Structure formats: structure tokens, C-alpha cells
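Subject: Structure for you to look at

Hello,

Here is the structure I said I would pass on. Please open it and keep it beside this email while you read.

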Amino acid sequence: MSSSTFQPDHQVTIVGAGFGGLCMALQLLRAGESNFVLLEQAQEVGGTWRDNQYPGCACDVPSHLYSFSFEPHTAWSRMYASHDEIQAYLVACSHKHGLREKIWLGTALTEARFDEAQNVWHITTSTGRQFSSRVLVTALGALSRPAIPQLPGIERFAGRVFHSARWDHSLDLQGLRVAVIGTGASAIQFVPHVQARAEQVHVFQRTPAWVLPKGDRPFTPTELDRMQRIPGYRRLFRWRIYWRQEFTGLGFLVAPSLMARAQSLATRFLKKHIKNPALRERLLPRYTMGCKRVLLSNDYYPAMAQPNVKVHGMDELQAVTERGLLVDGQELPVDAIIYGTGFRATDLLTPLRLLGRGGVDLNTVWAEKGLGAHNGVCVAGFPNLFMLLGPNTGLGHNSAIFMIESQVQYILKGLARMRARGATSVEVKPQAQEAFAQDMDARTQGTVWKSGCKSWYLDAKGRNVTLWPGFTFSYWWRLLSFKAGEHLWGRTAR
Ligand code: NAP
């Protein structure tokens with residue numbers, strides 16, 4: 001890539017071996033670049049699909065779309081695969097094209113410091129290894145660090161406590177009394193499992209979610225056979241899913257009023273399964289659908305209607321005691337507390353230290369100015385750094401894998417331009433990043449995310465720093481070219 005005298009140990013270092021990191025690595029190999037390493041802090045690849053093994057964990061985007069376009073998997077057993085099938089797919093991808101030997105498992109990046117004289121990143125890992133890399137690509141994912149609320153008195157609780165992303169499989173829930181905190185995308189998947197086993201389930205809800213039926217089913221043998229034998233069939237299937245998902249974007253992006261139809265469908269769905277008027281009232285959201293993530297489930301409401309489930313408002317929970325929870329002055333005995341409280345999604349970097357120009361820490365920059373990256377990928381002051389699923393690239397209506405693939409193509413174009421120019425550094429201009437941020441703010445106005453609910457999509461100032469406020473094809477289009485004029489190109493002395 002460079003013709004400078006200083007040759008870094010690696011041209012590219014990728015951090016994180018989930019969907020993003022594996023996509024980057026596989027595409028580098030396809031582009032003929034093999035001088036890279038992939039650091040993974042855990043002992044296996046898979047990212048969120050390795051960590052989330054709670055019962056009922058599955059994807060809510062159809063699997064033929066929620067997979068790499070260039071590594072099709074014809075054998076998905078059903079429309080929405082479960083976590084173990086997705087994890088097996090990712091492990092299989094990591095064995096493709098000799099990639100496995102480039103992955104350093106059990107190795108976290110602890111610090112990366114940009115060297116302005118040599119235009120390289122000096123990288124330190126948790127195992128004490130140090131090396132240099134021309135380019136750094138972070139693929140950390142937004143959903144890797146559990147968010148755990150500080151419940152008063154939790155330290156004295158004698159039972160088991162765990163988060164959905166760290167499920168305690170050694171605990172047999174049969175006949176236990178269980179408290180579940182949170183009613184988001186994860187909780188609605190594991191609550192039916194808990195309800196079927198536990199003697200009593202206390203669900204603590206802060207905000208009810210809009211829930212729609214999930215069009216899930218196993219593929220028929222004929223479909224599976226066609227998927228395998230007729231590439232056009234699988235491609236058409238994927239293409240139809242993509243456009244169907246994209247169509248739902250209209251309600252999110254263009255006219256939240258379009259959500260009215262989906263909202264009345266969800267309300268009818270709720271009424272069908274929840275006959276108790278007080279419970280219905282509790283589970284009915286009071287915000288426009290889409291403002292928070294829309295959930296898909298066929299078994300959540302039926303489980304919530306069972307006599308061994310009681311729903312409480314989060315504001316009723318006063319404290320945790322040694323044996324249970326103090327709710328409205330009464331102690332409810334419980335044996336286990338399960339957090340379905342999501343992730344620290346807006347803390348994109350910590351605990352990494354990424355030190356750019358002048359030794360400035362990216363965490364500090366983001367803490368002061370708020371999250372931001374040009375196209376969600378490049379940050380001014382941090383040359384040769386690219387991010388996957390960075391700020392403003394999350395989605396409410398389509399597959400995150402589509403976004404990752406767009407970003408990887410963009411990064412590969414940036415690297416090719418570097419090579420063509422004989423440059424050893426590429427750094428986005430602050431003006432380009434600022435223009436992008438303003439565009440994000442402008443595009444978010446009028447979308448459903450600004451319709452008044454409280455969600456982790458918006459930061460403390462109410463700015464959308466997590467979602468791409470547009471159709472995914474417009475993101476793909478934007479990232480189709482790596483605009484040289486938006487970047488500064490540097491060379492080291494020969
Ligand atoms: P989540 O959607 O953020 O839901 C967290 C839940 O916990 C919400 O009900 C939230 O209430 C509640 N909560 C958070 N902090 C709380 C606190 N301090 N006290 C009381 N309640 C609290 O988290 P998640 O369910 O783990 O899902 C996270 C993301 O993972 C999703 O948005 C989705 O992107 C992804 N996910 C995807 C799938 C899939 O099928 N593809 C499945 C699971 C998860 P509020 O609503 O009031 O904040």
C-alpha cells in the first residue's frame with residue numbers, strides 16, 4: 001500500500017470478529033490484501049451472536065438478508081434463524097479462505113496511538129503484544145457491553161443475577177420465582193421461555209413496546225431444495241425481503257402517520273392475546289410506533305397473559321432485598337433477577353483508547369462534542385482509522401449487514417485511493433464531517449424518532465447519533481465513491 005521506508009508490521013488491523021470484522025477481513029482477502037490481522041477479545045468469533053445465547057434468541061431480520069451477500073447460505077432452516085444457526089454461519093465464514101489463521105482470539109486492543117511521523121498506528125493488546133499497522137478498522141458493534149441498572153440494594157440479594165447477554169445456563173428455572181427487568185427486543189424473546197418454566201415471573205416494564213406478529217416459519221423441503229439448486233431463486237428471495245424491509249422505511253422516515261396502519265394492527269394483536277383490560281392498558285404503548293424499536297413476536301403476549309406472570313411498572317420497584325424485591329411496600333420473594341436491559345449502545349468506544357493526532361483520545365472528543373463520524377466511518381483528527389457500524393449507521397427497518405457491506409466497500413475504495421496516490425495517510429476534513437453531522441440532524445427532523453419518545457437512539461441533547469435517518473439504498477449510494485476532496489492525503493518522507 002505504501003512506498004515509504006518505514007514498513008509497518010501490518011497494513012490493516014481489524015478489531016472485533018463479529019459480522020463487521022469478518023466482512024472486512026473476507027473482503028480484504030477478496031481484494032488481494034492479506035497483510036492484516038483481526039483481533040478478537042473472546043475465544044471465538046461471532047460478536048453479539050456469540051454472546052447472546054439466551055433461550056429464544058433469534059434475529060428479527062430474515063436470515064437470507066441478514067447474512068453476507070457474497071457468502072450466501074442456502075440452508076437457513078427458517079425465515080428468522082435462531083442465534084445458534086447464525087453463530088454457526090459466522091464460524092463457518094471465519095474458516096473460509098484461510099481467514100482463521102489471521103484471527104488472534106483472546107486478544108483485545110487496549111490502546112492504539114497514531115504516529116504522525118510514520119503515519120502508522122502503534123497498537124497494544126491485552127496480551128502485551130505491540131505492533132504497528134498502517135490502518136485500523138474498528139468493528140466493535142454497538143451491542144457488546146450490557147447496560148445494567150443500579151437497583152438499590154442489589155448487592156444484598158442472595159439469589160442469582162444475570163444479564164440476557166450473559167445468560168446463566170447453569171440455572172434451572174423450573175419452579176423458580178424470577179424477576180425480569182426490561183421489556184425490549186431481548187426480553188420479549190426470553191420471557192416466554194422463562195414463563196413456561198418458572199413458578200412465578202415478575203416482569204418490570206419501564207416503557208411498553210409495540211409488538212407485531214413475526215412472520216416466521218420453517219422453510220419447506222421444496223424451498224430448501226430450490227435455494228440450494230437455483231441461485232436465481234435465492235437471490236430473488238433475498239431481493240424481495242430487502243425491498244419489503246425498505247418499504248417499511250416509509251413509515252419511519254417520510255410520514256410517521258403511515259405508521260397508523262401498523263399501529264392498529266399491533267393494537268388488534270395485543271387485544272387478541274391480552275383479555276385482561278388492566279394488563280392491556282399496561283402493555284399498550286403511548287408513543288408513535290417506530291420511535292423505539294418495533295418488536296416482532298408471536299409468543300410474548302400469550303406468555304404475558306399466563307396466570308404466573310405479573311407485570312409491574314419500573315417505578316413500583318423500590319429496592320432489592322436479600323430475598324426479593326420491595327414493590328409498593330411489599331416484599332415479592334424471587335430466586336433470580338434477569339436483566340433484559342439492553343446495551344450501552346451510545347458508549348461506542350470505551351474501554352479502548354484510540355489516540356489520534358496530538359495524542360487526543362477519541363473518547364474525550366466524543367464526550368465533549370457528542371458521537372460523530374463522517375459517513376459513520378471516518379473521524380477528523382484520526383487518520384487511517386475507519387469504523388464499521390459507527391455513529392449514525394444503525395437501522396430501525398432493515399438489515400445492519402447491508403450497512404456493513406456498504407462501509408467495507410467504501411473503506412476498500414479509500415485504501416485503493418491511498419495506494420494509487422502513494423499516500424500513507426488519509427484523514428477526513430473536519431468540514432466534511434461537520435456537513436455530514438448537519439445533514440444527519442436535518443434528515444432526522446420529521447422522522448418518527450423525533451416524535452417524542454425517550455430512546456437510546458437519541459443522545460442527552462436529543463440528537464440522533466445512532467441511526468441512519470434514511471433509506472439504506474441512499475446510504476449505499478453515498479458510500480459508493482470515496483470522495484478524495486473530502487479527505488486530506490499525507491505522505492511520509494522516503
Ligand atoms: P433494548 O431494546 O434497549 O431494551 C431494553 C429494555 O430494558 C427496555 O424495555 C428498557 O426500557 C429497559 N431498561 C433499560 N434500562 C433500564 C433501567 N435502567 N431501568 C428499567 N428498565 C430499563 O435492549 P435489548 O432488548 O437487549 O435489545 C437491544 C438491541 O439489540 C435492540 O434494539 C436490537 O437492535 C438488538 N436486538 C435484536 C434482536 C434481533 O432479533 N435482531 C434481538 C434482541 C436484541 P425503556 O424502553 O424504557 O428504555
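Below is what was found in it, taken region by region. Please keep in mind that this is a predicted model.

The ligand

There are 22 residues around the ligand, and those that come nearest are Ala58, Asp60, Ser186, Thr207 and Lys292. A polar side-chain atom of threonine 207 is 2.4 Å from an oxygen atom of the ligand. Serine 186 takes part through its backbone, with a polar atom there 2.6 Å from a ligand oxygen. Glycine 184 also has a backbone N or O atom 3.3 Å from an oxygen atom of the ligand. On its own the ligand has 900 Å² of accessible area, and the protein covers 84% of that.

Helix H4

Helix H4 runs over residues 187-197, and eight of its eleven residues are buried, so the helix is mostly covered. The buried ones are Ala187, Ile188, Gln189, Phe190, Val191, Pro192, Val194 and Gln195.

Helix H7

Does the length of H7 agree or disagree with what its residue count predicts? The helix has 15 residues, 259-273, and at 1.5 Å a residue it should span 21 Å. The C-alpha atoms at its ends are 21 Å apart, so the two agree.

The buried residues of H7 are Met259, Ala266, Thr267, Phe269 and Leu270. Because they cover an arc of only 160° around the axis, they sit on the same side of H7. Arg261, Arg268 and Lys272 are on the other side of the helix and are exposed. As for what the buried residues pack against, the partners are strand E10 (211-212) and the helices H6 (231-253), H8 (277-283) and H9 (300-304).

Two residues with positive phi

Most residues other than glycine have a negative phi. Histidine 97 is not a glycine, yet its phi is positive, at about 55°. This histidine is in the loop between H3 and strand E3 (103-104). Its relative accessible area is 52%, and the cut-off for exposed is over 50%, so histidine 97 counts as exposed.

Leucine 389 is another residue other than glycine with a positive phi, in this case near 50°. Leucine 389 belongs to the loop between strand E18 (385-387) and helix H11 (400-421). With 25% relative accessibility, this leucine counts as partly exposed.

Buried residues in loops and in a strand

Is asparagine 52 buried or exposed? Asparagine 52 is in the loop between helix H2 (48-51) and helix H3 (83-94). Its relative accessibility is 5%, and buried means under 20%, so asparagine 52 counts as buried. Leaving out residues up to four places away in sequence, asparagine 52 touches Cys57, His83, Ser164, Ala165 and Phe343.

Valine 465 is in the loop between helix H12 (430-444) and helix H13 (472-478). At 2% relative accessibility, valine 465 is also buried. Its contacts, again without residues up to four places away in sequence, are Thr346, Leu371, Pro391, Asn392, Tyr457 and Asp459. Valine 465 and alanine 373 are 92 residues apart in sequence, while their C-alpha atoms are 9.5 Å apart.

Valine 37 is part of strand E2, residues 36-39. A relative accessible area of 3% makes valine 37 buried. Which residues does valine 37 contact, leaving aside neighbours within four places in sequence? They are His10, Val12, Thr13, Ile14, Lys102, Trp104 and Phe131. From valine 37 to glycine 376 there are 339 residues in sequence and 23 Å in space, C-alpha to C-alpha.

An exposed glycine

Glycine 329 is in the loop between strand E14 (324-327) and strand E15 (330-333). Its relative accessible area is 55%, so glycine 329 is exposed.

Regards

Notes
Residues are numbered from 1 along each chain as its sequence is written. This is a predicted model: local features need pLDDT of at least 70, side-chain atom pairs count only at pLDDT 80 or more; totals for chains, interfaces and linings use all residues. Side-chain values use heavy atoms; hydrogens and water are left out. Helices (H or I, at least four residues) and strands (E, at least two) are DSSP runs, numbered from the N terminus. The expected span of a helix is 1.5 Å times one less than its number of residues. Buried means under 20% relative accessible area, exposed over 50%, partly exposed in between (1.4 Å probe, protein chains only). The arc is that of the directions from the helix axis to the C-beta atoms. Contact means heavy atoms within 4.5 Å. A residue is near a molecule or strand if one of its heavy atoms lies within 4 Å of it. A polar contact is a pair of N or O atoms within 3.5 Å; within protein, one must be able to donate a hydrogen and the other to accept it, and residues adjacent in sequence count only if both atoms are side-chain atoms. Accessible areas come from the Shrake-Rupley method with a 1.4 Å probe; for residues, only the protein chains shown count as cover.
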